[in-house]
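Student: Before we discuss this protein, could you show me its sequence and its structure together?

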Amino acid sequence: MKDHFRHIFLITVDCLRADYVSCIGDMDLTPNIDKLARDSVVFTRAFANGPGTNQSFPAILTSTYFFVHGGLHLNPKCTTLAEVLSRYGFRTVAFHSNPFLSKMFGWDKGFHEFYDFMDVVEAPSATVTRLQQGKLVNRLTRIALRMLGASYSRKIQELLKKVYYRFLKIKKPYLEGKELNQHVINWIKKHKNERFFLWVHYMDPHEPYIPPEDYLDGFSSREEALEFNLSVNMNNPSRDNVKMLKQLYEGEVRYVDKCIGELFDYIEEKKLLGSSLVVVTADHGHAFMEHGRFGHAYDILYNEVIHVPLIVYGVGRSTIDVNVQLLDLSPTILDVMGIEHPSTFLGESILKKNSGVIFSESAKPDLINLRYDLSKKVVSCIRGEYKLILNELKGSLELYNIKRDFQEKENLCRCNGKKAGELLSIVREHLRNIEKYKMRIKLIERENMGHNFSGK
C-alpha cells in the first residue's frame with residue numbers, strides 16, 4: 001500500500017447534474033468545485049449506473065450493479081470500499097442525511113463511525129424509515145398499500161407528502177450543507193493526525209428546492225419557496241413552473257458549492273490537502289422536462305439524470321473526455337492507494353483502463369416490500385458513441401448517438417436497427433451475467449480481505 005495519501009475524501013452530492021458544474025458544463029455556479037478541479041483530473045463524460053440513490057450507490061461504494069441488490073438493502077455478500085480501507089488501517093467514517101443510505105438498509109457496512117442522523121432528519125422518507133422498524137406499523141402499512149393498489153397509493157403518497165410538510169412546517173427535510181460541515185469539521189479536528197476515509201454526502205440540490213435566503217431568486221423567503229414547491233404538480237409542471245424550479249435548483253447548487261468550498265478551505269488550512277486523495281461526484285442528476293419528465297424517477301435514464309460530475313484530486317491535472325462510470329470509482333481509489341480490489345468488485349481503475357460498456361439499471365419500486373420488481377427492467381447501455389435505452393415496462397427501445405446528440409433528441413432505432421440490435425444483445429448478455437454473479441456471491445462467505453483478494 002502507498003503511504004503518500006493519509007486521508008481519502010469521498011464527496012458526493014445528491015441530484016447534482018454534470019452540466020451545472022462549471023468545469024464540465026457552461027453554467028457559472030460552482031467556483032469552489034472549479035478551484036479544486038483546476039488541480040485535478042476532471043472526467044467530463046462520467047455516468048451514474050442508475051437514476052436514483054438506490055440504483056447508483058451500489059456502484060459507488062461496492063462496485064456492483066443495482067440488480068445485484070434489487071432493493072433498498074445493501075446485499076451483505078458485497079464488499080464495501082469502507083471494509084477494504086478499514087482492513088488497511090484507515091479509520092472509516094460517514095456523514096449524510098439520506099434515509100435511503102441509512103443503517104437500516106446496511107449502508108454502514110465497513111464504517112467505524114456512521115452518522116446518518118435518522119433520529120433527527122424530518123424528511124418523509126426518514127419518517128417512513130423509522131416507522132418500518134416497528135413491526136406492527138410496518139405490517140399495517142403494507143396491508144394498506146395492497147388494498148389501495150399501486151396507482152392510488154402513489155397519489156396518496158404525493159398528497160401525504162404535501163400535508164406532511166405543511167402540517168409540521170418543515171423548512172428543510174435534510175441536514176443543510178452548513179450544518180453537515182459543522183459535524184464533519186468537528187470530527188476532523190479530533191482525528192486529523194489519523195489515517196482516515198471520510199465520506200460526506202450533501203443533500204441540498206435535492207427537492208424541495210428551498211435554498212438559504214442569500215441564494216433565493218424570485219422569492220422573499222424560504223417559506224414562500226417551500227410553498228411554491230408544494231403547489232407545483234410535478235407530474236405536469238407548467239413552463240413557468242419549470243423555469244422557477246430551475247432557478248431554485250441553481251440556488252441550491254451555488255449553496256452546496258459554497259459548503260464544499262468551506263470544507264476544503266478548512267482542510268487546506270490544516271495542511272491536510274497535500275496528503276489527501278479527494279473525489280467529488282454525484283449519485284445522479286435531475287430532469288427538468290427535457291424529455292417530458294421532471295425529477296429522477298426510476299425509469300428516466302436520459303443523460304440529464306445519469307450524466308454526473310467526477311473530479312479526482314491528487315493524481316495529476318488533466319481533462320478526460322471519454323466515457324467513464326461510477327462502477328469504476330472504488331477500484332480507482334484502491335488502485336491509487338496501491339491496494340488490490342476484492343473479487344466482488346466488478347469495475348476497474350479508470351486511471352489504467354477506460355470504461356468499456358456502461359450499464360445503468362433500474363426497475364419499478366415495490367414499496368410494499370421495500371424492494372424493486374425485477375420482472376421488468378429498465379436498462380441503458382453506452383458503448384462508444386452509441387447509447388441504447390431498453391424499457392421493458394413500456395416495451396420501448398431507444399438508440400442515440402451521444403457523440404453528436406448528447407441531449408438525446410433523435411431516436412435512431414428505425415434508421416439504425418443493426419446497431420440497436422447489437423447493443424440489445426449486449427444488454428441481454430449483461431443481464432445473464434448478473435444472474436451468474438448473484439449465484440457466485442451466494443457461495444462466497446464473507447471475504448477475508450487480508451488474504452482472499454483475487455482481483456479480476
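**Burial, packing and cysteines**

Student: Is C413 buried or exposed?

Tutor: Buried here means a relative accessible area under 20%, exposed means over 50%, and partly exposed lies in between, with a 1.4 Å probe and protein chains only. Because C413 has a relative accessible area of 17%, C413 counts as buried.

Student: What kind of model is this, and how are its residues numbered?

Tutor: Residues are numbered from 1 along each chain as its sequence is written, and side-chain values use heavy atoms, with hydrogens and water left out. Local features need pLDDT of at least 70 and side-chain atom pairs count only at pLDDT 80 or more, while totals for chains, interfaces and linings use all residues, since this is a predicted model.

Student: How many disulfides does a search of the whole structure find?

Tutor: A disulfide is taken as a pair of cysteine sulfur atoms within 2.5 Å. C413 is in no disulfide, and the nearest cysteine sulfur, that of C415, is 8.6 Å away. For the whole structure, the number of disulfides found is zero.

Student: Where is V13 placed, and which residues does V13 touch?

Tutor: V13 lies in strand β1, which spans residues 7–13; strands are DSSP runs of E with at least two residues, helices are runs of H or I with at least four, and both are numbered from the N terminus. V13 counts as buried because its relative accessibility is 0%. With contact meaning heavy atoms within 4.5 Å, and leaving aside residues up to four places away in sequence, V13 touches H201, Y202, P205, V256, I260, T281, A282 and D283.

Student: How far apart in space are V13 and D257, C-alpha to C-alpha?

Tutor: In sequence, V13 and D257 are 244 residues apart. Their C-alpha to C-alpha distance in space is 9.7 Å.

Student: At what angle do helix α9 and helix α10 pack?

Tutor: Helix α9 covers residues 222–231 and helix α10 covers residues 239–269, and their axes are 11 Å apart. In this packing, A225, F228 and N229 of α9 meet N241, M244, L245 and L248 of α10. Axes are lines fitted to C-alpha atoms, for helices over the stretch in contact, and angles run from 0 to 180 degrees between N-to-C directions; on that basis the angle is about 135°.

Student: What share of the 456 residues in the protein chain is buried?

Tutor: The protein chain contains 13 helices and 14 strands. Of its 456 residues, the buried share is 58%.
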